[in-house]
Amino acid sequence: MRPSITWYDILDALPDASAEDIRQAYDAKAGLLRPELFAGAPSKVVTAAARARGIIDAALRVLGDPVSRLRYDEAAGLWRSHGDSGRQGDSPPGPGCRASMSPPATPGPKCSAA
């Protein structure tokens, strides 16, 4: 089941975004949360901005690393079929197939949306 809010939602990026698109989305969000922009603001505002920055930093840690991004996508029920996933050319699982966190020990039949 897809989570209600994903790391992609936090960065305003699509699940099939390239690694460069993910980085650009992060940079855009991080630019809005630069500490110098909050100089002189009430402490509650500074604290909220720091928390928001921590959240987008976490999103980049997950989505910026190809291995952790693939694991996240599979665990969240998101499927990517572009080169960043390391599974270029794969099709999404068909009905009855379950994405796992690790590949099967022995190759089995390939699931396809038939």
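This is a predicted model: local features need pLDDT of at least 70, side-chain atom pairs count only at pLDDT 80 or more; totals for chains, interfaces and linings use all residues.
**Close-up 1. The salt bridge between K29 and D12**. The closest N and O atoms of this pair are 3.0 Å apart. K29 belongs to helix α2, D12 to the loop between α1 and α2, and the pair, 17 residues apart, links distant parts of the chain. K29 counts as partly exposed because its relative accessibility is 25%.

Close-up 2. D12 is not a glycine, yet its phi is positive, at about 55 degrees. With a relative accessibility of 58%, D12 counts as exposed.

**Close-up 3. The salt bridge between E36 and R34**. The N to O distance is 2.7 Å. E36 is exposed at 53% relative accessibility, whereas R34 is partly exposed at 36%.

**Close-up 4. The salt bridge between R53 and D57 within helix α3**. The N to O distance is 3.3 Å. The two residues are four apart in the helix, about one turn. R53 is partly exposed at 26% relative accessibility, and D57 is also partly exposed, at 24%.

**Close-up 5. Contact of helix α3 (residues 43–63) with helix α4 (residues 66–76)**. The two axes come within 6 Å and cross at roughly 100 degrees, so α3 is roughly perpendicular to α4. R61, V62 and L63 of α3 meet S68, R69 and Y72 of α4. The contact residues divide into three nonpolar, one polar and two charged.

Notes
Residues are numbered from 1 along each chain as its sequence is written. Side-chain values use heavy atoms; hydrogens and water are left out. Axes are lines fitted to C-alpha atoms, for helices over the stretch in contact, and angles run from 0 to 180 degrees between N-to-C directions. Angles under 35 degrees count as roughly parallel, over 145 as roughly antiparallel, 65 to 115 as roughly perpendicular and the rest as oblique. Contact means heavy atoms within 4.5 Å. Ala, Val, Leu, Ile, Met, Phe, Trp, Tyr, Cys and Pro count as nonpolar, Asp, Glu, Lys and Arg as charged, and the others, Gly among them, as polar. Buried means under 20% relative accessible area, exposed over 50%, partly exposed in between (1.4 Å probe, protein chains only). A salt bridge is a side-chain nitrogen of Lys or Arg within 4 Å of a carboxyl oxygen of Asp or Glu.
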